[in-house]
Amino acid sequence: MSFSAIFIISFITGLTYFLRRFMGDCQLERPLVLGPVVGLVLGDFRTGLEVGASLELVFMGAQAIGGSVPSNVAIGSALGTAIAITSGTGLEGAMMVAVPVAVVASTFEMFAKTFCAFSVHLADKYAEKGDWKGISLMVHAGNIFHFLAYFIPTLLALYLGDQYVTDLMNAVPANIMSGIKAVGSLLPALGFGLLLNNLSTREFMPYFFIGFAIAAYIPSFGVMGIAFLGIAYVALYAFRKLNQEEEA
Amino acid sequence: MGEKILTKKDLTRLFIRSNAVQSAFNFERQQALGFEWGMIPLINKLYKNPDDRIAAYKRHLGYFNSHPWTCGPIYGMVASMEERKAIGEDIPEENITAVKSALMGPLAGIGDSLFWGTLRPIAAGICASLALSGNGIAPLIFVLFVNAIHFGVQYWGVMAGYNFADQFMEKMQSFQIKAWMEAATILGLIVVGGLAATWLNVTTPLTYTTGEASVALQATLDNIFPKLLPLLCTLGVYGVLRKGKSTMWAMCAIIIIGFVLGFIGVL
């Protein structure tokens, strides 16, 4: 692969992720789309199409739900397709690369999502000053960081070999990885804490515990079930309140 | 009632910007920056007084996480509430936050199951088999088809949300709006409680031994009070913020504590 082809493939991979952030999840990072595009860049559209479509069926269920980080389909399929075409190993070669790489590469997305907490805090500072341009800057900076989180690993993996990237990730001590993972799992508590702080007057606080307990003890109930119950309850609440007001 | 400020053009612009809801996605406040970015032109148009503007910027930097294809109604309703607030109606900012909080979870649930769980796999599955049988434009069909639905749903959502909230507040008297807003706050808290228990995943790998057997602490916790750790974390942060610590302070504390606990294998 020439360096320009490597660069273009990495750039496109980053771009599809950037557009997922900035244009509302257009599904461009799916293997079905990325495969043939990578094929076009490398001059073998047919193989790209075939590999992309096969990987699409493999990765059918992978999707971020509620801020989780599933295996990284985009990097996996871009790399898998590129290596399948250049090494001539076809679909088997693509699978061998795409699936493990997708798992390793999800770490980079996690880095980006952890790091972007800083851009929110900087945006807080700009908001305090009424500087909307500063806030916008943080939005774009965050998106560019997300772009790099896909662009750089793809570039490195294509340039140095995917084994190199896997080795690199494995070289990070397990302690440090679990430290970073713990930070990632704790940070949403800050978001929820802030939200509670904005929402609650002390008298309403027990309602938070009601929602929490239902979801914690009956996971299958789900957010939709809780919303269903909640709507029924608050409708009762509001109608009763309105009746009292009318009588008074 | 004062003159309406927002035009169709403003709402169209809101729809276009609402697609960036996932921008600068981060674990702390998820789609907060994306939501904020969508609201900026609207805030700038509605509020001329610097203090009101700053309050509005800060208001929409709060935690937000919904679905990029189904969050439109939230944008529309919030736009209508902000418009009325700017005209001078009595709409406390807690109410705006409450509406966002009450709707983001359920709409995300609808989007996840309807689009990620159903439409996307079906469309991708059909187009992938077309592609495997040699059809070169199958990927293009996939992209055009899902995005026609994507942008259509989002556009309709923004407009419908605005019209709904607008008519609701037009018809209701102020004491009725107050009762319904209180209901929205309660619903918001219930749903946020459910979201915190669903989306927050703090677990411990620690084990302890009773007699011969080694028992996972997490399994014991799950038997007594599942999701106890996420609850403690959320309440801890909430308590610290109530005491007046800055969010920056809280974030640094979380990063340090989280890293150390993860490093030594407690989390």
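Author: Gladly! Contact means heavy atoms within 4.5 Å, and on that basis 106 residues of chain A and 102 residues of chain B take part in the contact. Please keep in mind that this is a predicted model, where local features need pLDDT of at least 70 and side-chain atom pairs count only at pLDDT 80 or more, while totals for chains, interfaces and linings use all residues. Residues are numbered from 1 along each chain as its sequence is written, chains are lettered from A and ligands numbered from 1 in the order in which they are written, and side-chain values use heavy atoms, leaving out hydrogens and water.

Reader: What makes up the area buried between chain A and chain B?

Author: Buried area is the accessible area (1.4 Å probe) that two parts lose on being put together, summed over both. For chain A and chain B that is about 9600 Å², and carbon and sulfur atoms give 75% of it. Phe192(A), Leu199(A) and Phe212(A) supply 8% of what chain A buries against chain B, more than any other three residues.

Reader: Why is the link between Glu182(B) and Lys241(A) called a salt bridge?

Author: The term asks for a side-chain nitrogen of Lys or Arg within 4 Å of a carboxyl oxygen of Asp or Glu. Here the closest N and O atoms are 3.0 Å apart, and the pair qualifies. The count between the two chains is 3 salt bridges.

Reader: Why is the pair of Tyr233(A) and Tyr237(A) called tilted?

Author: Rings of Phe, Tyr and Trp (its six-membered ring) pair if their centres lie within 6.5 Å; planes under 30 degrees apart are stacked, over 60 edge-to-face, and the rest tilted. These centres are 6.4 Å apart and the planes stand at 45°, so the pair is tilted. Phe35(B) and Phe64(B) also form a tilted pair, with 4.6 Å between centres and 50° between planes.

Reader: How do you know whether Phe35(B) is buried or exposed?

Author: Buried means under 20% relative accessible area, exposed over 50%, and partly exposed in between (1.4 Å probe, protein chains only). Phe35(B) has 0%, so it is buried. Phe64(B) is buried too, at 0%, whereas Tyr233(A), at 33%, is partly exposed.

Reader: What sits over the ring of Phe35(B)?

Author: The charged end of Lys100(B), 4.1 Å from the ring centre. The label requires NZ of Lys or CZ of Arg within 6 Å of the ring centre and within 35 degrees of the ring normal. Lys113(A) likewise has its charged end over the ring of Phe25(B), 4.6 Å from the centre.
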